[in-house]
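Please open the structure in your viewer and keep the selection tool at hand.

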Amino acid sequence: MLKAPIGILGGTFDPIHIGHLRPAIEARDTLELAEIRLIPNHIPPHRANPFCSSEQRLAMVRLAAAENRHFVVDERELKRDKPSYTIDTLIELRHELPDTPLCFLMGMDSLLSLPSWHRWQELLDYGHLVVSTRPGWQLDYPAGVAQLLTNHHTSDASALHRQLAGHIWLADNQPVELSATRLRALLEAGQDTRYLLPESVAHYIDQQGLYRANRR
Ligand code: ATP
């Protein structure tokens with residue numbers, strides 16, 4: 001007997017916002033996921049982004065997670081001194097949780113770019129993919145993704161409970177038109193960002209003076 005599936009959401013979270021949180025919560029409810037693990041990515045120091053340090057991104061993810069008992073923060077990628085590939089994280093989780101279906105959550109933009117991911121065709125050996133709608137990104141798949149959908153798409157939610165891996169679920173979530181890029185631009189311009197991110201995260205950004213125009 002398998003355990004209830006969990007959701008996994010990796011991201012830069014620079015900062016975390018409702019475009020991450022709402023689709024994740026809706027997936028949790030629709031698919032009856034036991035929890036959602038938020039996994040902030042490690043980013044190499046030489047990259048132009050992120051705007052915040054790993055510690056600050058982690059602090060914001062922790063604040064967001066503290067407001068909902070279904071969110072769990074997983075720091076594994078930040079603890080490594082090199083970027084992790086999603087496939088490596090999924091393989092690790094599969095070993096740690098041998099009886100738990102893993103649902104890797106992503107926005108439609110991520111699904112469309114999947115063929116550029118390291119060992120992308122193996123992802124479905126270790127988990128399911130749960131894809132949220134995202135405004136601006138349509139069901140216009142590159143050939144590799146179309147083939148993947150032909151082979152793995154399901155509209156039977158119970159299949160994600162009955163098997164450890166191997167299915168793709170296209171969520172019918174309330175679309176959220178927001179990116180961290182847009183949010184940073186609003187913050188830099190000193191505009192009101194209420195209701196776009198948790199208040200506790202907004203407060204932290206304010207306190208730390210993050211994303212302000214005069215910072216750079
Ligand atoms: P940036 O604008 O800095 O590129 P982002 O807002 O796209 O950031 P990421 O941390 O890169 O956020 O995204 C992590 C995951 O969350 C990705 O799978 C992405 O598709 C998904 N995601 C982010 N924003 C949304 C949104 N508004 N709707 C659905 N999924 C989203």
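Which backbone nitrogen does the side chain of Thr-154 reach? In this predicted model, select Thr-154 together with Asp-156, and you will find that the side chain of Thr-154 reaches the backbone nitrogen of Asp-156 at 3.0 Å. Thr-154 sits in the loop between helix H7 (143-152) and helix H8 (159-162), and with a relative accessible area of 11% it counts as buried, because the cut-off for buried is under 20%.

Next, turn to the largest pocket, which holds about 1200 Å³ of space. Select Gly-10, Gly-11, Thr-12, Asn-41 and Ser-110, which are the closest to the centre of this pocket among the 46 residues that line it. If you then colour strand E1 (6-11), helix H1 (18-31), helix H4 (86-96), strand E4 (102-107), helix H5 (108-112) and helix H9 (180-188), you will have marked the elements that give two or more residues to this lining. By class, the lining of the largest pocket divides into 19 nonpolar, 21 polar and 6 charged residues.

The second largest pocket, with a volume of about 230 Å³, is the following stop. Its lining has 13 residues, of which Leu-187, Gln-191, Thr-193, Ile-205 and Asp-206 are the closest to the centre. Helix H9 and helix H10 (199-208) each supply at least two residues of the lining, and H10 gives the largest share, 3 residues. Here the lining is made up of 5 nonpolar, 3 polar and 5 charged residues.

In soluble globular proteins, nonpolar side chains tend to be buried together. Select Ile-16, Leu-38, Met-60, Phe-71, Leu-105, Val-130 and Ile-205, which touch the most other members of the largest nonpolar core, a set of 34 residues. This core draws at least two residues from each of H1, strand E2 (36-40), helix H2 (54-65), E4, H9 and H10. Centre the view on Val-130, and, leaving out residues up to four places away in sequence, you will see that Val-130 touches Ala-27, Leu-31, Cys-103, Phe-104, Leu-105, Met-106, Leu-160 and Trp-169.

Key: Residues numbered from 1 in each chain as written. Predicted model: local features only at pLDDT ≥ 70, side-chain atom pairs only at ≥ 80, totals over all residues. Heavy atoms only, no water. Helix = DSSP H or I, 4+ residues; strand = E, 2+ residues; numbered from the N terminus. Buried < 20%, exposed > 50% of the residue type's maximum accessible area, 1.4 Å probe, protein only. Polar contact = N/O pair within 3.5 Å; in protein donor to acceptor, adjacent residues only side chain to side chain. 1 Å grid on protein atoms, 1.4 Å probe; cavity = no way out; pocket = protein on both sides within 12 Å on 5 of 7 lines; lining within 4 Å. Points joined across faces, edges and corners; volume = space filled by probe spheres on them. Nonpolar A, V, L, I, M, F, W, Y, C, P; charged D, E, K, R; others polar. Core = buried A, V, L, I, M, F, W, Y, C linked by side-chain atoms within 4.5 Å. Contact = heavy atoms within 4.5 Å.
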